[in-house]
Amino acid sequence: MVKIITVYGNMLLQAMGKTLLLALCGLFFACILGLIFGLMSVVKNRVCNIIAQIFVDVIRGVPMIVLAFFVYFGVPYLLNNMMGLNTPVMTALQAGTICLALNCGAYMSEIIRAGIESVDKGQMEAARSLGLSYFVSMKRIVLPQAIRTMIPSIINQFIITLKDTSILSVIGFPELVNTAKNVQAATFKSFQTWFIVGIMYLIVITILSRCAKVVERRLNRGR
Amino acid sequence: MAAEEIKIHVEHLKKNFGKIEVLKDISIDIMQGEVVVVIGPSGSGKSTFLRCLNRLEESTGGTIVVDGVDITQKKVDINKVRENVGMVFQHFNLFNNLNVLNNMTLAPLELKKATSEQAKEKAMQMLERVGLAEKAEAYPSQLSGGQKQRVAIARALCMNPDIMLFDEPTSALDPEMVGEVLQVMKDLAASGMTMVIVTHEMGFAREVADRVIFMDGGYIVEEGTPEEVLLNPKESRTIDFLNKVL
C-alpha cells in the first residue's frame with residue numbers, strides 16, 4: 001500500500017483534481033439549467049411547463065452511462081458521419097460536463113421547482129400587489145425564501161454529482177476511477193488501489209458535507 | 001363626498017373558476033374618498049371581487065376601470081395600476097426574508113419611486129403612524145399578528161396609493177389584536193383614503209363605512225348606508241345573514 005502511495009500518489013491526487021474540476025464544471029452548468037427549467041416549470045405558461053417536464057422526464061429516464069456514450073460517441077457520429085458536418089472533436093471533459101450538467105440539471109430543476117412551490121403563494125401576491133413585476137418578485141422575495149428550503153437537497157445533489165463523475169470514466173476522462181484502473185492494471189494490487197481511492201472520495205465528500213452543514217446553519221440563523 | 005370623482009367603476013363583472021361561477025354580475029361605482037365595506041357569507045365571492053380590482057384574479061367578463069384605466073384590457077400595464085392600489089391580506093403576507101424596514105422600502109426602491117433616504121424616511125413616517133417605529137429592524141417572525149397587519153398596512157401606504165383594498169384584514173387575528181388594526185384603518189378612513197374592505201367586523205362597518213354592500217351567490221344583493229343595510233335590511237338573504245352574525 002505504501003508503495004502505491006509513494007509511486008502513484010501524485011497521479012491519484014491529480015486525478016482527484018480532475019474529478020473535482022469535472023464536478024465543478026458540471027455543477028456550474030447544472031445550476032444554470034436547473035434554474036432555467038425550474039422557473040419554466042413554475043411560470044404560468046403551458047408551453048414552458050411542458051418543455052420543462054419533458055426535459056426532466058427524458059433525463060431522469062435515461063441512465064447517465066447511456067447519456068455519456070450518447071453525448072460522446074453518438075452525437076459526433078450523428079453530426080459528422082450521418083449529416084456530413086465537420087464539427088470539431090469534443091474532448092472528454094466537454095462531453096463529461098455536458099452529461100453532468102444535463103443529469104444534475106434535471107434533478108436541480110425539480111429541487112428548485114419544489115422549493116419555489118414551498119413558498120406561500122401570498123408572498124408573490126403581496127409583491128405583485130405593490131406593483132412589482134413577476135421576475136422582480138421572484139428574485140427579491142420568492143427565490144431567497146425558496147433557497148433556504150432547497151439548500152439541503154442541493155448539497156445532497158452536489159455530492160451525488162461528485163460521485164457520478166466516476167461514471168464518466170467510461171468515456172476515458174482521466175478522473176479518479178479511470179486513473180485508478182490504470183494503477184491497478186500496472187500493480188495488480190486491486191485491494192490496495194480501490195481502498196485508497198475509496199478513502200480519497202470519502203475524505204473529499206466528508207469535507208464537503210461538513211462545509212454544507214456550516215452554510216446551512218448560517219442561512220437558518222436569525223430565522 | 002366633496003369631489004364626486006369615480007375611482008373604481010365596475011360593470012357586469014363576471015368571474016369563473018373553471019365551471020364554477022363565483023361572480024355572476026357585479027356592477028358598482030366607488031367614489032374618491034369613499035369607504036365601502038363588503039359583507040356576505042363565505043363563498044359569496046366578496047374576496048374574489050376584491051382581488052379582481054387589482055387583477056390578482058383575472059376577470060372572465062365585464063369591465064373594471066380603476067383611476068380611468070380599464071384593467072380588463074390585456075395590454076394594460078397592470079403593475080403601473082397596482083402602484084396606486086394598495087392591498088392588505090388576511091394572512092398579512094409580510095416578506096419573511098426581509099426586516100420591517102426593508103419590507104416597506106422594497107417596492108419604492110425597486111420601482112425607483114424614491115431614493116434610499118427618501119424611502120427610509122417615508123417608511124419610518126408610516127411606521128410612526130401605525131405606532132410601530134421601534135420595530136423597524138425586527139423580522140416578521142418576531143411580530144405579533146396585530147403588529148404584522150399594521151406593518152402590512154404601512155407597507156402598502158409607502159407607495160402613496162390612492163386606493164386601499166382590505167381582504168378580511170382582521171380574520172386571522174387573535175381577538176385582543178383586532179382593535180389595534182381597526183384603529184389604524186379608522187384613522188386611514190378619516191384621512192380621506194378611498195377604501196374597499198371585505199370584513200366580518202359589523203361594528204367596524206357601521207362606524208366607518210360610507211356604504212355597505214351585501215354580497216351573496218355572486219351578486220350584490222343589497223347596498224346602502226350602514227343604517228340601511230345593517231339596521232333595516234330589506235332583502236330576506238341579508239336579514240338571514242345578519243341574524244346569524246350579529
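Reader: Which elements of chain A give two or more residues to the side that touches chain B?
Author: Helix 5 and helix 6 (134–164) of chain A. Helix 5 of chain A has the largest share, seven residues. Helices here are DSSP runs (H or I, at least four residues) and strands are E runs of at least two, numbered from the N terminus.

Reader: What classes of residue are on that side of chain A?
Author: Seven are nonpolar, six polar and five charged. Ala, Val, Leu, Ile, Met, Phe, Trp, Tyr, Cys and Pro count as nonpolar, Asp, Glu, Lys and Arg as charged, and the others, Gly among them, as polar.

Reader: Where do these numbers come from?
Author: This is a predicted model: local features need pLDDT of at least 70 and side-chain atom pairs 80 or more, while totals for chains, interfaces and linings use all residues. Residues are numbered from 1 along each chain as its sequence is written, chains are lettered from A and ligands numbered from 1 in the order written, and side-chain values use heavy atoms, without hydrogens and water.

Reader: How many salt bridges between chain A and chain B?
Author: Two, a salt bridge being a side-chain nitrogen of Lys or Arg within 4 Å of a carboxyl oxygen of Asp or Glu. Glu110(B) and Arg140(A) meet in a salt bridge at 2.4 Å, N to O.

Reader: What area is buried between the chains?
Author: About 1,900 Å², with 53% from carbon and sulfur atoms. Buried area is the accessible area (1.4 Å probe) that two parts lose on being put together, summed over both. The contact (heavy atoms within 4.5 Å) takes 18 residues from chain A and 23 residues from chain B.

Reader: Switching to pockets. Which residues lie nearest the centre of the largest pocket?
Author: Val42(A), Lys44(A), Met124(A), Arg128(A) and Tyr134(A), out of 24 lining residues. A pocket is an open set of points on a 1 Å grid over the protein atoms alone where a 1.4 Å probe fits, with protein on both sides within 12 Å along at least five of seven lines; lining residues have an atom within 4 Å of a point.

Reader: And the classes in that lining?
Author: Eleven nonpolar, no polar and 13 charged residues.
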